[in-house]
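Welcome! Take a moment to look it over, then follow the topics below.

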Protein chains: 2
Amino acid sequence: MRRRTLHLDASKVGAEWQNGDDCREILQLLDRIGDKWTVMVVGALTPGPMRFNMLMREIDGVSHRMLTLTLRGLAQDGLVKRTAYPTIPPKVEYELTELGRSLIEPLSALAAWVTRNRPAIEKARASFPDAA
Amino acid sequence: MRRRTLHLDASKVGAEWQNGDDCREILQLLDRIGDKWTVMVVGALTPGPMRFNMLMREIDGVSHRMLTLTLRGLAQDGLVKRTAYPTIPPKVEYELTELGRSLIEPLSALAAWVTRNRPAIEKARASFPDAA
DNA sequence: CAGAATCCTTAGAGATACTG
DNA sequence: CAGTATCTCTAAGGATTCTG
């Protein structure tokens with residue numbers, strides 16, 4: 001018997017986690033949410049709206065192309081609002097929507113986890129049998 | 001001036017999010033944590049220890065190879081404990097470590113977010129200008 | 001300035017077969 | 001049963017160029 005809701009209770013999560021019901025779509029979304037650049041963009045936009053080139057500079061390592069694609073994806077998903085000012089030269093501002101902002105919390109929780117446990121993970125890596 | 005800690009306070013996260021100090025390594029870890037199969041494995045292992053083939057069956061869509069690689073990675077990072085019983089045929093059990101279990105919570109928070117907001121996202125996608 | 005289009009390169013991942 | 005090793009192939013992503 002399979003439930004459709006995801007409980008936060010850690011001890012019960014597993015059951016519906018991989019139940020295949022809506023698991024596929026969840027994972028598909030996780031792929032977008034967990035995407036490297038997506039995380040970066042959300043992080044960069046957290047303080048407030050930003051223009052394209054500003055994001056480019058802010059994000060460090062992102063290519064023009066990937067930033068475009070990521071932003072478009074986020075806009076499609078309603079996480080980011082794109083505002084184009086028809087000036088010359090063009091000016092386009094991106095900002096998190098309400099939905100987008102609601103993602104900050106779980107995402108930063110994860111970031112916090114990483115920060116908190118990085119030492120442990122690095123220790124584990126180092127002490128792993130035949131560590132590369 | 002840059003802090004090294006990640007605050008959970010949504011309004012302040014952005015600043016250190018992309019500050020480049022330890023951002024690189026955080027992202028690198030996020031890549032592993034956010035990885036499709038990693039999420040699946042953690043989910044599958046949440047209820048308790050499991051053997052390789054069981055995981056194969058449980059996870060649906062994972063190839064033999066990817067499961068091996070994912071599990072090895074998780075073991076290296078100390079998130080999963082691998083126990084091999086030297087019997088014939090071999091029997092290998094995987095289970096979450098303490099560290100691994102601590103990941104369940106933030107991960108399921110994210111999963112919960114996806115579940116909660118999937119309708120909104122799908123609506124956004126559908127109503128997007130020239131939706132594919 | 002923002003973005004579209006093109007090319008090109010590689011790493012990721014599936015399929016398959018072999019081994020202890 | 002669990003794991004390794006190859007081979008292959010696709011598609012993600014970088015660099016570059018062009019346009020409104």
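The model you are looking at is predicted.

- Two or more residues each are given to the surface near DNA strand D by α5 of chain A and, in chain B, by α4 (52-59), α5 (64-76) and β3 (91-96).

- In total, 16 residues surround DNA strand D, and the closest are B:Asn53, B:His64, B:Arg72, B:Arg82 and B:Tyr94.
- Of the atoms of DNA strand D that come within 4 Å of the protein, 64% belong to sugar and phosphate.
- Which element gives the most to the surface near DNA strand D? That is α5(B), with four residues.
- Sorted by class, this surface near DNA strand D has seven nonpolar, five charged and four polar residues.

**Two helices packed in chain A**

- Helix α3 (residues 36-45) of chain A packs with helix α5 (residues 64-76) of chain A at an angle of about 75°, and their axes are 10 Å apart.
- Angles of 65 to 115 degrees count as roughly perpendicular, so α3(A) and α5(A) are roughly perpendicular to each other.
- On the α3(A) side, A:Trp37, A:Thr38 and A:Val41 take part, meeting A:Met66, A:Leu67, A:Thr70, A:Leu71 and A:Leu74 in α5(A).
- The residues of this contact between α3(A) and α5(A) comprise six nonpolar and two polar, with no charged ones.

**How chains A and B relate**

- Chain A is superposed on chain B by a rotation of 180° with 0.0 Å of shift along its axis, at an RMSD of 0.0 Å.
- The two copies are therefore related as by a two-fold rotation axis.
- Which residue of chain A comes closest to the rotation axis? It is A:Gly34, whose C-alpha is at 2.5 Å.
- Both copies use the same surface, as 100% of the contact residues of chain A recur in chain B.

Conventions
Residues are numbered from 1 along each chain as its sequence is written. Chains are lettered from A and ligands numbered from 1 in the order in which they are written. This is a predicted model: local features need pLDDT of at least 70, side-chain atom pairs count only at pLDDT 80 or more; totals for chains, interfaces and linings use all residues. Side-chain values use heavy atoms; hydrogens and water are left out. Axes are lines fitted to C-alpha atoms, for helices over the stretch in contact, and angles run from 0 to 180 degrees between N-to-C directions. Angles under 35 degrees count as roughly parallel, over 145 as roughly antiparallel, 65 to 115 as roughly perpendicular and the rest as oblique. Contact means heavy atoms within 4.5 Å. Ala, Val, Leu, Ile, Met, Phe, Trp, Tyr, Cys and Pro count as nonpolar, Asp, Glu, Lys and Arg as charged, and the others, Gly among them, as polar. A residue is near a molecule or strand if one of its heavy atoms lies within 4 Å of it. Copies are superposed by least squares on the C-alpha atoms of residues with pLDDT of at least 70 in both.
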